[in-house]
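These are my notebook entries on a model that I went through chain by chain. I wrote down what I looked up, together with the cut-offs behind each term.

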Amino acid sequence: MKIEELNRESEMLYSGHNACPGCGAALAVRYLTRALGPNLVLVLTASCWSIISGMPPLTALKCPILHCPFPSAGSVGSGVKRGLNAKGKHDTTVVVLAGDGGTFDIGLQALSGAAQRNEDYIFICYDNEAYMNTGMQTSSATPFGARTATAPYPLFKAGQKKDIMQIMAAHGIPYAATATVAYPEDMEIKLKKAKEISGFRFIHILSPCPPGWGTESSDTIQLSRLAVNTGFFPLYEIRNGVSWEMTWMPERTRTPLTEYLSRQRRFNQMDELRVQALQEEVDHDWDCLMERVGASEKCD
Amino acid sequence: MLPEVIKEEICFSCGKEPSSANKTGEWRFLTPEKGSRLSPCRQGCLLNGEIPVWLEAVKNGKWEEAWQIVSSYNPFPALTGHVCFHPCTENCNRGQLDQSIEIDAVERAIGEWRLRNYKRQDKPKGISGKAAVVGSGPAGLSCAYYLNEAGYIVTVFEREKVIGGMFALGIPEYRLPRRILKKEIDVLKEEGIKFISGCNIGKDVQLSELYEEYGNVFLAPGAWKPRKAGIPGEEYSGVWNALDFLSLVNSGQPPAIEDPVVVIGGGNAAVDSARCALRMNGVNHVKLIYRRSRVEMPANQTEVEAAEHEGVELVFNALPREIEKGNSYVKTVIFDHCKTNREGLTVDQSRSFKENCGTVIMALGQEIDLSVFGKLEKEAIIFAGGDLVSGPATVPEAIRAGRIAAMTIIARSSGLPEPELMLPVEDPVAFEDLNLEAKINLSLQQKQAEPNEEAGRCLGCGTCNSCGICYIFCPDMAVEIVGNRYQINMDYCKGCGICVQECPAQAMLMEGGR
Amino acid sequence: MSFELISGSQAAAIAVQRVGVDFVAAYPITPQTAIVETLANFDAKGELGGEFVSVESEYAALASCYGASASGARVFTATASHGLAYMHEIIHWCSGARVPIVMVNVNRTIGAPWSLDPDQGDSLSQRDTGWMQIYCSNAQEVFDTVLQAYALSEELLLPCMVVFDGFYVSHTYEAVDVAEKEDVRNLIGAPIFQAQVQPGTPGNMHALTTGENQMLLIKNRHETMLRAPAVFEDINKRYEEIFGRSYKVIDCVIPPGAKTVILAAGSTSETVRWSLPQLNNVGLIQLRMFRPFPADQLCSVIEAHDVEKVVVVDRNCSTGMGGIFAQELRAALYGVEKPPAVQDMVLAGGVDLTLQMLENMLDSGPVENRVEEKWGVDLL
């Protein structure tokens, strides 16, 4: 990303939208619309962005947005792409934008069906790790140990965060990648790469949420960075479901998870044993990821 | 065209107006303020120079702009770039990452650019007046420059035949190449400043005459009176005071001296003398003997190391007691061991030694001597600055004094506010405060040869250097690009604080209120 | 004219092929599977014209139709029973989004327990969703109605459901005039309705809005749908010219002097029609367009013939209220000067209608309870 090349004309996001101050999702959509626009159509399912997009007569984006019901993102996207093709608009990029709820939970069926059919669009999940729009309730993307509105203290989210990337890999789609807002160049490279590929593409963007995670609004980028540096949210790409490649590696060792957890009130008063369990889970997942990456290198 | 069935006036199911109609700036209760915070380089700079600002200009290849910024407080970057001991570089935060920026090298480059591209320009006609400057050292030349810029007709009176004061006579060639000094002085002459050399104020012209004739007078003769040790033998021939020695060497008339050479003293003049002596024909052994320890030496340690590297032998904790005369040249200096303690210096005469030498150079410092000017008959307002006022100090401090005097003179005759004397006292931006993790545009390279590349390594501590991080990370598109600068649009800024936290240079603060 | 011996399901599929669709979303459910299979066969022969996609659920089927239609494509899907119920959220969404979609629903009881017989409760449960609904009684009607539904839907920008009974219509083979593509093009050509999704033009479509705006949208939808009978009449004028057949929103066969009429929708209306000669001076009102409910047309027919009793055949029951057609008729008759007695023949569960049952119903006289309801099981 060259600073000299930045200009407001290529940006698709208007100021004046209703995202909370410091919203990671607003930044994520700003980056993805800039990278994939201007010939872009967004299919948007129920999520924070349904509201951030504005109330008519206002709109927060320069590209057309088609809202759809909660579970239907993957299916409506299929229809839009095929409809546009039928109208001769083959070059338009179709992006389906869903939150973690609309991807991991209620939207999983539609996602799986579309992925299996290798529908020709980019499915982008901006993940703030709970149903934030409705008040921070638990989703299957909520990390183990976190408190939410439906798992308030002394309760906590039991069960691991669903590994959506492995699910997408299992579908054998041409391209899947993780990204987050603290690494905008990495995200832009991946999005532009995805744009050139046909078939089903999936991008998982970690989007910190200050009110939902209990953090300072100014901390969004730093949290994003720590999520990557601790190995909690590694940055990588998967091609055709079998070839795994890291796009970021720690310089020496990964930062201890406590540095990431201690900045977020949703992890307050977390039992030491649980913190340890979460650290072990992150370590284990990292090792498994490294194995897959290593195995891919051998095959290449 | 909308289909007939949906009447246009009630089709509210589709939004087409940009949300920029919604001024989210009203949400704010904290506001990011872009300002300039104190950088450690600036904190160390005796001229309070805006170093990160001109480094950025050089980085962008904007030499004219860089010159404008530097010359607003220092007219001679080509000279200070050579001789200043650069506390800026010592404080530089980049040193904690890889290597400090070679700020003096970039400063030199600005000065040299200016000398290469100098074109005389007409001065503003607003102020007309005359001024006399006594002394053509750093303070005098600086004052002359700023007065000239404002439109005054300036005459500089110099006692010696050569122009430049400390620049010319105190600092050796290997520290300040004379051809650069000559170019600077030529530019000053080109600018219309008149130099009268070989004219001794107090002897050839009286101070009161000067005041009558010019009205505005700035005294900057420096502190040239050498301090004496007060030991027997000090007046023998072959015993030099450092400044006389250096003056002769630097004006191209090095005196004849005999090997071996003993330099007594621990300041910059002592080190300069030692290094000059070693460079002279026939001199192979130079010892520098100081009455205190190495760490207590007032001389700049880089110079001391250089001297050592060149072969000067350093001896500490020795106080001269007597100089014994030899044939036509001095033969022996008797030293006693001494030590610094709470009471001062304790001398142990039982532990003494003798140094046989051909030449002794006494470098015990200088003193101010106002008596040369005699008495004034009438009441007069005379400005003074530099070593005359502070005692022996540094070139940048003298330059600053000259500028302040000039600005004060200008202010008093034009009714403008007088210059700010206070130096900033806030804490500078520390290395730990910087946010280097963003890494966009952070050129992670070691010292670079080209000035603009070296300047590009500056982290801009506390000063916006237009890296664009605030623009990149704003979720509300509330950062406008104006030219190559970034401005926060307060109509939309929600006060989230991401820009303040992520700014690599930490050039912003969150302030309360809207 | 081009006759083929086909079932109701095949007729629906052929009509879709004739009209030329861009996109078909397919998910199987008894008794609709022949529809998607027939379309698949067209696709295999390269005769479909558009894309045929097997999706992972009925919800996905209608959702992808919504997306495609919003992008300007002509779409089709079909379902029944549980599939329709699964789509419920999207069914609402489509009418609110004002996208033209034609969907076939083959009536089948919704469990529990599992059942395959043609209770009409599945389509009737969706009567409040803002879709037009037209009920067909035989395969020819199915063919013609599907074609007309496209014209109707794309004219009004409201989705339309074409409904017929499972097995009785879907699996019964008849000789059907299936027309040629060129003839159909005279009725309806390529889709010209404006796509909502216009790449390059900003548009925040169907985003959150205020109650006031919502009311205006609903009002517009409601008023638009009430224009359907008039538009339907225009379409059928053209249909008559091209194909020599036409339909009305309600189709009446009332012998002069008949004081009793039977109101029926779907295959039961055909049973009644064939039984009329054996019944004593009884008429038939075949209810075809159910949404919008043809209140004016029904009232004027009933008044014109001075009808004293209407027997409504309801192959459905809204638990806690009773047969749905009877309810709607009673509501429509409110305020009429001499309202007829309305008796409700409830055949919920999709029970077969026989002549004997009709005779028993007509002979049974007034019913004691207020709702005048008689269940099919009691009429055997």
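**Conventions.** I am working with a predicted model, in which local features need pLDDT of at least 70 and side-chain atom pairs count only at pLDDT 80 or more, while totals for chains, interfaces and linings use all residues. Residues are numbered from 1 along each chain as its sequence is written, and chains are lettered from A and ligands numbered from 1 in the order in which they are written.

**Entry 1, chain B overall.** I began with the elements, where helices (H or I, at least four residues) and strands (E, at least two) are DSSP runs numbered from the N terminus. Chain B has 18 helices and 21 strands, and its C-alpha atoms fill a box of roughly 125 × 55 × 45 Å along the principal axes. I call a residue buried if 20 or more other C-beta atoms lie within 10 Å of its own, exposed if 12 or fewer, and partly exposed in between, with C-beta atoms placed from the backbone. By that rule, 46% of the 514 residues of chain B count as buried. Contacts, for which the C-beta atoms of two residues, placed from the backbone, must lie within 7 Å, were next on my list. In chain B, 73% of the contacts with a separation of 6 or more come from residues 24 or more positions apart.

How do α2(B) and α3(B) lie relative to each other? Their axes come within 7 Å and cross at roughly 165°, where axes are lines fitted to C-alpha atoms, for helices over the stretch in contact, and angles run from 0 to 180 degrees between N-to-C directions. I count angles under 35 degrees as roughly parallel, over 145 as roughly antiparallel, 65 to 115 as roughly perpendicular and the rest as oblique, so α2(B) and α3(B) are roughly antiparallel to each other. The contact is made by Val53(B), Trp54(B), Ala57(B) and Val58(B) of α2(B) with Trp63(B), Glu65(B), Ala66(B), Ile69(B) and Val70(B) of α3(B). For classes, I take Ala, Val, Leu, Ile, Met, Phe, Trp, Tyr, Cys and Pro as nonpolar, Asp, Glu, Lys and Arg as charged, and the others, Gly among them, as polar. The residues of this contact then divide into 8 nonpolar, no polar and 1 charged.

I then followed α3(B) to α6(B) (residues 103-116), where the packing angle is about 105° and the axes are 10 Å apart; the two helices are therefore roughly perpendicular to each other. Trp63(B), Ala66(B), Trp67(B) and Val70(B) of α3(B) meet Glu107(B), Ile110(B), Trp113(B) and Arg114(B) of α6(B), and by class this contact has 6 nonpolar, no polar and 2 charged residues.

Is Asn48(B) buried or partly exposed? I found it in the loop between α1 (40-44) and α2 (51-59) of chain B, and Asn48(B) is partly exposed because 18 other C-beta atoms lie within 10 Å. Leaving out residues up to four places away in sequence, Asn48(B) touches Arg42(B), Tyr73(B), Leu423(B) and Pro424(B).

Two strands pair here if DSSP finds at least two bridges between them. In chain B, 5 strands form an open sheet with parallel pairing, in the order β6-β5-β4-β7-β18, and the edge strands, each pairing on one side only, are β6 (194-197) and β18 (383-384). Within this sheet β4(B) and β5(B) pair in the parallel sense over 5 bridges, and Val134(B) has Phe157(B) of β5(B) as its bridge partner.

In chain A, β8(A) (residues 236-239) is joined to β6(A) by 3 bridges in an antiparallel run, and β8(A) also pairs in the antiparallel sense with β9(A) over 4 bridges. The hairpin of β8(A) and β9(A) has 3 residues between the strands, and Asn240(A) there takes a positive phi near 55°.

The contact takes 38 residues from chain C and 39 residues from chain A. On the side of chain C, α3(C) gives the largest share, 10 residues, and the residues of that side divide into 20 nonpolar, 14 polar and 4 charged. I also noted that 3 bridges join β3(A) (residues 64-68) to β9(C), the two strands running parallel, with Pro64(A) opposite Gly203(C).
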